[in-house]
Amino acid sequence: MKRNTIATGLLLAFIVSFVLSGVTAVSTAKDVVVSTTVSHLASVYSLSSAAVLILPFIMVFMLMALLSFLAKQKNVGFMFTALSVVCYVAFLIAYCAETRNTSMYNTLNAMFQEQGLRVKKRDFFITVTPQWTCYLTVLLGLATCAVSLPDLRTSTTRYSLKCELEPYAYIAPHVLFFTLFTLVPIIYGVYTAFTKWDIYNEPVFVGLENFKTILFAQGNTYYGQLRNGLWNTVKFVLYNTPFGMVLPLALAMALRKVTRGNKFLQSVFYLPALMSTTTVMLAWTYFFRKTYGFAPNFFGTTFEWFAPPYSWLMLVIITAWWSNGTNMVIFQSSLASIPEDQYEAASIDGANAVQKFWYVTIPNMSYTLMYTFVTTVISHFNVYGQPNLMMGYNYEGANAVLMMYIKDTAFQQGVAGIASAMALILAAVIMVVAWIQLRMMMKDSKN
Amino acid sequence: MKKILAVLVALSLVLSMTAFAAAEETINFWTVFTGDDGATLQGLINQFNEEHKGSINVNHTAIAAADLYTKLPLAVQTGEGIPDLMIGHVERLPKLVGDGVLTDVTYLLENGVDAANYPSYVLERTNLEGYQYGIPWDFNAGVTYVNLDLLAKYGKEAVLDDKYVTFDEIKEVGEAIKAAGEAETVKAINYYGSLNGYLPRYEELGGQLVDAEGNLTIDAAIWGKMIEGFRELYQAGYAVGQEDDASSMFIGGSLVFFESGTWTNATLQKIEGLNYAAVAMPCYSAETALCRSGSHTWMQPDNEDRTEETDKAVATFVDWMGAHSLAWATEAGQVPLYKAVTETAEFQALPQTFLAEAFMSDHIHVYTYYHWALLDSALSHVGKTAIYDATIDVNSVGAAVQAEVDDAIAAM
């Protein structure tokens, strides 16, 4: 049998053994001994200590090792197996060194309470020991490494090994940070949507219950909040996106024509984009508020600018003023790259300014427009600061967007399962809209 | 030989310095005071650090309340960066204890902090299952500020005689403003809404907030009656609108009664020429009057690594702060609760300190509902719109709050 096949078999045994392994936690108080077993898979979602953050890495490395062996990349498979073994040993040492793991504490404390004992947390010590399967897992991992160990005796194999592994060294920093700060949070976020979790205690898997609540349980608070929040978000996108595209384009084209003070005006238009949402909202609120506001006093307006329906108008004006600079700069660079001779040729053919815009400018900017259109829509779907700071939930949540409800539900209330389910639905809506946009524009560009 | 001697001398100096440094206890201290009051607190801490140089050093971090209550349990869970001491809201305490975030403060009470220095009716709210989990620092209450010049202008000074302002008296003031032909520009009252505005009035009308089992039990009809009362005052033209900035109106001299809280006092007392007093939130009658108050409370997060030496230093610090808390009243405009301070003439002369007077103890409600964060959030979602919008069914408001809290508990 080939070594690669043996290594694959051992690796599969390593993975199975890992999945079936766990630790035993024991605590003693007043001669009462309680114990519980925590599997590694349960630990992953307990979020009970920093050590459990190593577990996703172990699983990613195992998966990469398996794929490498299946693709006959034995050396790469060796590297990932070795990494997963090192991480697993590190996890076992760190996890078993914890004397007061919260997840275990909650379980064991409940056991003490069942027996009529009240043990204060500071007097609570837990002894954590690996099960025998943990040692077996390490042995299987080492065996996989031994079988797949590259032959380093000749310089040719050493050179080919270097060529094989070098690319991984280049992408390793990015993969590390991507896994730690993007992949792991996404996985936890998705999983959370299928649990009941108050952020502090252990999540409890509830399947699709959260989705059933927010999508179908009429009369439930979160059902109403999802509908109201999502509809207001869609309205925000519909009202703001046209201004978020047309105004920056107009400004960029106007600046192209302006020869004196071009850079100064560009800085002025871009300046609001550097400000924080809070600063922007405070400034506009002081300007338009009913009591001692500049606009009501100077222009004599009597209606309430921050009450519906005018509040939507305010949101459009403020968002346009605040965010136009970013798209404007992108459009400026795109406009600058259009060859002047195309305009000259169009002029010779008798094209007027409008025709030049439609037949020269727009086609040349198609990819830039596509990019900014998609990113603008996505950023508008994620709106939070402006409506939250402007009027919060006033007027029966007339301007309350979904992100406001998600943030409150997760961090103010500690109902993270429902909040994650809402966030997943928002993510799904954004993905569908972005996909439709791209499909339509790709089709147009092909035509 | 000289070199060896020099090295030995240097070494002994370094060692003695290390020993000296090791003797200093550092207290990592978190609070929720991110505003002007935080500067006053830091001033007190600086004074403490100066007086205890070489023995105790307090390292203060002010964190916005919402962030603190998210970070703290995570710190305790991971065992990383747990503060030795914090000042948090008393309403949050039961849930923090329930989640195993806090430890009791028995050690502090046995090593330098005397419970007799604090009002017993506040202390007992942080005693859960026989364990003391908090020591009060101050009252954090809803307060109504009164523009005394305006009150004199409309000839209604008598409304302050019994230390309470009733809604009937507010109507009287509103009528006086109308009679003076100034109803368009001057208003009698604003609505704070939220916990401080709603809860005491709901209970004053006979509503029960929490039953014996600790469950929220909002009576939608009584809640509706409360909203109806507010709406009547607004419709009669006495109250400010939803979009009006009550704070600016009060400072600008166009609002007589300004519902807010102790936290606003620091700003008001800096305004020159503003002649004001502070009373409890308006009530239905002086006999049934209630005032919701929170309390910024000393608490200790659970931490197995904290030593007895640190706890002794914490006890010294907490007691010192209490004894020097007059500045918390005079500079930050708050209501510290250390008895020796509350008995001083300087403290009693301040407008907001009526809250610490003996007559208030029967009227102050310090709520410690377990799911306080849910109630707070639900109240912010219903907001105050029902007061101003006559198309909204008043009975739907309390029902919505109850439903949201119930739905949240079911989903936790």
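User: At what angle do helix H1 (residues 3-20) and helix H3 (residues 54-70) of chain A pack, and how far apart are their axes?

Analyst: This is a predicted model, in which local features need pLDDT of at least 70, side-chain atom pairs count only at pLDDT 80 or more, and totals for chains, interfaces and linings use all residues. Residues are numbered from 1 along each chain as its sequence is written, chains are lettered from A and ligands numbered from 1 in the order in which they are written, and side-chain values use heavy atoms, with hydrogens and water left out. Helices (H or I, at least four residues) and strands (E, at least two) are DSSP runs numbered from the N terminus, and axes are lines fitted to C-alpha atoms, for helices over the stretch in contact, with angles from 0 to 180 degrees between N-to-C directions. For H1(A) and H3(A) the angle is about 155° and the axes are 10 Å apart.

User: Is H1(A) roughly parallel or roughly antiparallel to H3(A)?

Analyst: The two helices pack at an angle of about 155°. Angles under 35 degrees count as roughly parallel, over 145 as roughly antiparallel, 65 to 115 as roughly perpendicular and the rest as oblique. Therefore H1(A) is, relative to H3(A), roughly antiparallel.

User: What is the strand order of the open sheet of three strands in chain A?

Analyst: Two strands pair if DSSP finds at least two bridges between them. Eight bridges join strand S1 (residues 22-29) of chain A to S2(A), and Ser27(A) stands opposite Val34(A) in S2(A). The edge strands, each pairing on one side only, are S2 (32-39) and S3 (126-130) of chain A. With antiparallel pairing, the order in chain A is S2-S1-S3.
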